[in-house]
Amino acid sequence: ASAAISQTQLSARDDSTAASNYSVPAGYTETFEVTQPVVVPSGARKCTVDIGEHAFANSYYVHWVANFTPPADCGTAWSLVTLNWEGHITGVQFDRIVQIYVGEAEVLRGTTDEPSRLGIYWELQKDVTDFSPIFTQEQTVTVILDNIVDSTYTGVFNTHLYFDFYVADESNPVPDTVPDVLIPLSQPSPNFAYTITGGNAAAYNISAGLIPPNVVRAEFEYVVSNHANDEFYYLNVPDEYSNPDYSVFGGNVYKELQVYLDGFLVGIDWHVPVIYTGGMNPLLWRPIVHPGASVVPSYRFELTPFVGNLTDGAAHTLTLNVTHQISGGNWFADGNLRLWLNAASDERTNSTLTTYSFPDTDAEVTAADLDDNYDGSYTTTLDKEFAVAAVVTTAAGSTEVVVRRSVRFDAFVAYTDGTNIVQATHDISVRGDITATTTKTSTNTTTPPPAEGSAPHLCMQYDEGSSSGDGSGSNSVNTTTTTTTTATVTFARNSTLSVDYGYYPATDSSDYTVNTTVRTSIDEVWGSGSAAAVALRRVTHQLADGYFGVVGGASVGLATTNETFSYADAAAPPCYRRIVSASNRTVSSNYVDATCVF
């Protein structure tokens, strides 16, 4: 699933060995993102590393810094590692960005939920097994949650963090998604993630000699989230029609994520919109948050065609970019480079590009119905694909790696009533595949016994193309065998966001109401094997509808949210399906079963 959004997993946690005395006050309401639960390996021994508890009050640039020590009784090979992040808060507070680093590797990027005066809590569990290399040694853990407490914003985030390690064994092996080497790409404390804004990009340097010479596969995880004037970029318009005074921002709706290696474009993907819990109407996201709000999705880029560039022993630069940036729009970006090594040889891996096609095609925008009040409609479309291929050579043979990806992008934004009303749809259809064709040649030498009473052969018979003689006059036969195997990973992602937003001010007072309807659908499918059979599928459909405002000087508001989530993993049945609804901040129905219905 290298071309895909990372498979973040959240669920109610298993806290049977948590060492902390952390607890949630009575009467608090749980907030949650709907997704599949982490599958705990049956019978595996578990160790817990408790990082501790921390309260985030006035915490801007005052991070929680703690120590991590690998579990003493659980070795260094794990079938599962989970990050467990829980907390509670009451009062009034904004939604805040949270980042958790182990060493310099960001293992969690998310946002907090806006609290209520009656109190909320969350219990989040994320599979971080593919970060295993960083957990094998002592590290510093840094949690960034910038918060301000004053007479108005009174909420303090009370949190608890710990990690669970499940020992690998015959029945529960180390997953092949765990790399041999993980190189974090982030800045030194206190900022860690680079801010992409105003047309710049995030350049991260990799020191000479840091990358081993025998890398056979490379993957980059791009961790990115959008904020400030780009928080609602799916409502943006072309620069020439923007008016920030009316909250009509430029930059357009099309955002392309780009990765460069030493100034050379090596991968692109397309950002999927996420609405944080303060967005549009905060009542919509209590207690069911928008998909991706609790754990911001990251993006995976297959860099194996470029391993020959990486293994030359020199210093390198990975640069992260977001297209169509605007002034005042912030994208926090960093990532993790994962490397798999040739266990049979320390020889350098080489690669030779055979295909390199990254069209510089940009989205096409059509504007209509424009007037002097900054009203208008904007249609944005794009069809684009890229392909890169290389022959990767090791001591064992050669592998042709082909990476392809395509997108169909359609978006529509319309402002009316002096920009008080906006309607938008944002559709992205991504298809991708990675094919690896490996050719190995082996030679087997055999010496048949001489026939009884005969002299040794003075020459040898051979089958052209499959065996040959060494010219020595021996009767040995060298049989050369060439084998070819092909493996394919496919990925498809269809994401749709539809927003209807209306601000209706009273004509004779300061009263107003805001009506909002948000529809979200995300369908992701991974395939694998020579026939690319469906290996995993995850689908979510969410409908959130509500209003808030001030009527007669009093605050009013009501919202309902309905979500259906389905998940199937061929390697870990059964399926998981959840249908949940909430109204007026309370779960009204919640149904879970093992039906494979999409």
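Biologist: How many helices and strands are in the protein?
Modeller: One helix and 30 strands. Keep in mind that this is a predicted model.

Biologist: And how much of the protein counts as buried?
Modeller: 51% of its 598 residues.

Biologist: What about the accessible surface?
Modeller: The total is about 25,300 Å². Carbon and sulfur atoms account for 50% of that.

Biologist: What share of contacts joins residues at least 24 apart?
Modeller: 77%, counting contacts between residues at least 6 apart in sequence.

Biologist: Switching to aromatics. How many aromatic pairs are there?
Modeller: A search of the whole structure gives 28. One of them is Phe264 with Phe306. Their ring centres are 6.3 Å apart, with 85° between the planes. That makes the pair edge-to-face.

Biologist: Where do Phe264 and Phe306 sit in the chain?
Modeller: Phe264 is in strand β15, residues 264-270. Phe306 is in the loop between β16 (299-302) and α1 (307-310). They are 42 residues apart, so the pair links distant parts of the chain.

Biologist: Is Phe306 buried or exposed?
Modeller: Buried, because its relative accessible area is 1%. Phe264 is partly exposed, at 34%.

Biologist: Which residues form an aromatic cluster?
Modeller: Phe68, Trp78, Phe135, Phe163 and Phe165 form one.

Biologist: Now charges over rings. Which ring does Arg338 lie over?
Modeller: Phe131. Arg338 is 4.6 Å from that ring centre.

Biologist: And what does the charged end of Arg405 sit over?
Modeller: The ring of Phe301, 5.5 Å from its centre.

Biologist: Which strand holds Tyr547?
Modeller: Strand β27.

Biologist: Why does Tyr547 count as partly exposed?
Modeller: Because its relative accessibility is 34%. Partly exposed runs between the 20% limit for buried and the 50% limit for exposed.

Biologist: One more residue. Where is Ser345?
Modeller: In the loop between β18 (329-341) and β19 (350-357).

Biologist: Is Ser345 buried or exposed there?
Modeller: Buried. Its relative accessible area is 14%, and buried means under 20%.

Biologist: What is Ser345 in contact with?
Modeller: Asn214 and Ala395, leaving aside neighbours within four places in sequence.

Definitions and conventions: Residues are numbered from 1 along each chain as its sequence is written. This is a predicted model: local features need pLDDT of at least 70, side-chain atom pairs count only at pLDDT 80 or more; totals for chains, interfaces and linings use all residues. Side-chain values use heavy atoms; hydrogens and water are left out. Helices (H or I, at least four residues) and strands (E, at least two) are DSSP runs, numbered from the N terminus. Buried means under 20% relative accessible area, exposed over 50%, partly exposed in between (1.4 Å probe, protein chains only). Contact means heavy atoms within 4.5 Å. Accessible areas come from the Shrake-Rupley method with a 1.4 Å probe; for residues, only the protein chains shown count as cover. Rings of Phe, Tyr and Trp (its six-membered ring) pair if their centres lie within 6.5 Å; planes under 30 degrees apart count as stacked, over 60 as edge-to-face and the rest as tilted. A charge sits over a ring if NZ of Lys or CZ of Arg is within 6 Å of the ring centre and within 35 degrees of the ring normal.
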